[in-house]
Amino acid sequence: NSGTGALTIQNAGAVSANSSYIGNVAGSSGTATLTGSGSQWSNTGTFHVGYNGTGSLTIQGGATVTAANTQVGGGAGASGTATVMGSGSQWSTSGSFSLGYSGTGALTIQDAGIVSANNAFIGNNAGSSGTATVTGSGSQWNTSAYFIVGNSGTGALTIQNAGAVSA
């Protein structure tokens, strides 16, 4: 909760929760890595990467994360970073995906990784900052409603090398 923690989900391992926190309280640090087809982390509530502390998430090799809502860099002073990489690697949010909710968030989608949400915010609230890069053929960030860069905070989005964003 207030220390340092690391989690690896691999070889089709699975975690399910209501809400999950990587870097929960100020001063804490958490890392999570999901790797391999069939490896999954399912959340019926909100998935937090850097809630009030520092959080880092890597989804690779066909692993998946699902959540109702997602916050990367949740609270003021929090920092969250995430990477989704490799074919079949997916991060799916049925509601809102906030990159820099009130803190600082960074997201890289590469090598055919996919992020999807109903709506997405990069730099959601005042004082927040979000930076995203979508790079490489097959790499996608898709929303079914809207995609906002710099809502009330500061947002930056780079799409390169045949990466794609759709809203």
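Mentor: This is a predicted model. Start with Ala-126. Ala-126 sits in the loop that runs between strand E13 (114-122) and strand E14 (129-135). Its relative accessibility is 64%, over the 50% cut-off, so Ala-126 counts as exposed. Setting aside residues up to four places away in sequence, Ala-126 touches Ser-152 and Gly-153. Ser-102 is 24 residues from Ala-126 in sequence, yet their C-alpha atoms are 6.9 Å apart in space.

Now follow the chain into E14. E14 belongs to an open sheet of seven strands. The order is E1-E4-E7-E10-E12-E14-E17, and the pairing is parallel. At the edges are strand E1 (4-10) and strand E17 (154-160), each of which pairs on one side only. From one strand to the next, the twist averages 5 degrees. As background, strands of a sheet pair through backbone hydrogen bonds, in either a parallel or an antiparallel sense.

Look at the pairing of E14 with E17. These two strands pair in the parallel sense, over seven bridges. Take Thr-131 as an example: its bridge partner in E17 is Ala-156.

The side chains of Thr-135 and Gln-160 are joined by a polar contact of 3.4 Å. Along the chain, Thr-135 and Gln-160 are 25 residues apart, but 4.9 Å separates their C-alpha atoms. Beyond its neighbours within four places in sequence, Thr-135 is in contact with Gln-160, Asn-161, Ile-109, Gln-110 and Asp-111.

The largest nonpolar core has 28 residues. E13 gives the most to this core, with four residues. The residues with the most contacts inside the core are Phe-47, Leu-57, Trp-91, Phe-97, Leu-107 and Trp-141. In soluble globular proteins, nonpolar side chains tend to be buried together.

Next, the rings. Across the whole structure, a search finds seven aromatic pairs. One of them is Trp-91 with Phe-97: the ring centres are 4.9 Å apart and the planes meet at 70 degrees, so the pair is edge-to-face. Both Trp-91 and Phe-97 are buried. Another is Phe-121 with Tyr-146: here the centres are 5.8 Å apart and the planes are at 75 degrees, so this pair is edge-to-face too. This second pair links distant parts of the chain, 25 residues apart. Phe-121 is in strand E13, while Tyr-146 is in the loop between strand E15 (140-143) and strand E16 (147-149). The two partners have their own burial classes. Phe-121 is buried, with a relative accessible area of 10%. Tyr-146 is partly exposed, with a relative accessible area of 40%.

There is also an aromatic cluster. One cluster is formed by Trp-41, Phe-47, Trp-91, Phe-97, Trp-141 and Phe-147. Phe-47, Trp-91, Phe-97 and Trp-141 are also among the residues with the most contacts in the largest nonpolar core.

Strand E6 (residues 46-49) and strand E9 (residues 69-72) pair in the parallel sense, over four bridges. Phe-47 stands opposite Thr-70 in E9. E9 is also joined to strand E11 (residues 90-99) by three bridges, and these strands run parallel. There, Val-72 has Leu-99 in E11 as its bridge partner.

Finish in E15, with Thr-143. Thr-143 is found in strand E15. At 8% relative accessibility, Thr-143 counts as buried. Not counting residues up to four places away in sequence, Thr-143 touches Ala-117, Asn-118, Asn-119 and Ala-120, together with Ser-166 and Ala-167.

Methods. Residues are numbered from 1 along each chain as its sequence is written. This is a predicted model: local features need pLDDT of at least 70, side-chain atom pairs count only at pLDDT 80 or more; totals for chains, interfaces and linings use all residues. Side-chain values use heavy atoms; hydrogens and water are left out. Buried means under 20% relative accessible area, exposed over 50%, partly exposed in between (1.4 Å probe, protein chains only). Contact means heavy atoms within 4.5 Å. Two strands pair if DSSP finds at least two bridges between them. Axes are lines fitted to C-alpha atoms, for helices over the stretch in contact, and angles run from 0 to 180 degrees between N-to-C directions. A nonpolar core is a set of buried Ala, Val, Leu, Ile, Met, Phe, Trp, Tyr and Cys residues joined through side-chain atoms within 4.5 Å. Rings of Phe, Tyr and Trp (its six-membered ring) pair if their centres lie within 6.5 Å; planes under 30 degrees apart count as stacked, over 60 as edge-to-face and the rest as tilted. A polar contact is a pair of N or O atoms within 3.5 Å; within protein, one must be able to donate a hydrogen and the other to accept it, and residues adjacent in sequence count only if both atoms are side-chain atoms.
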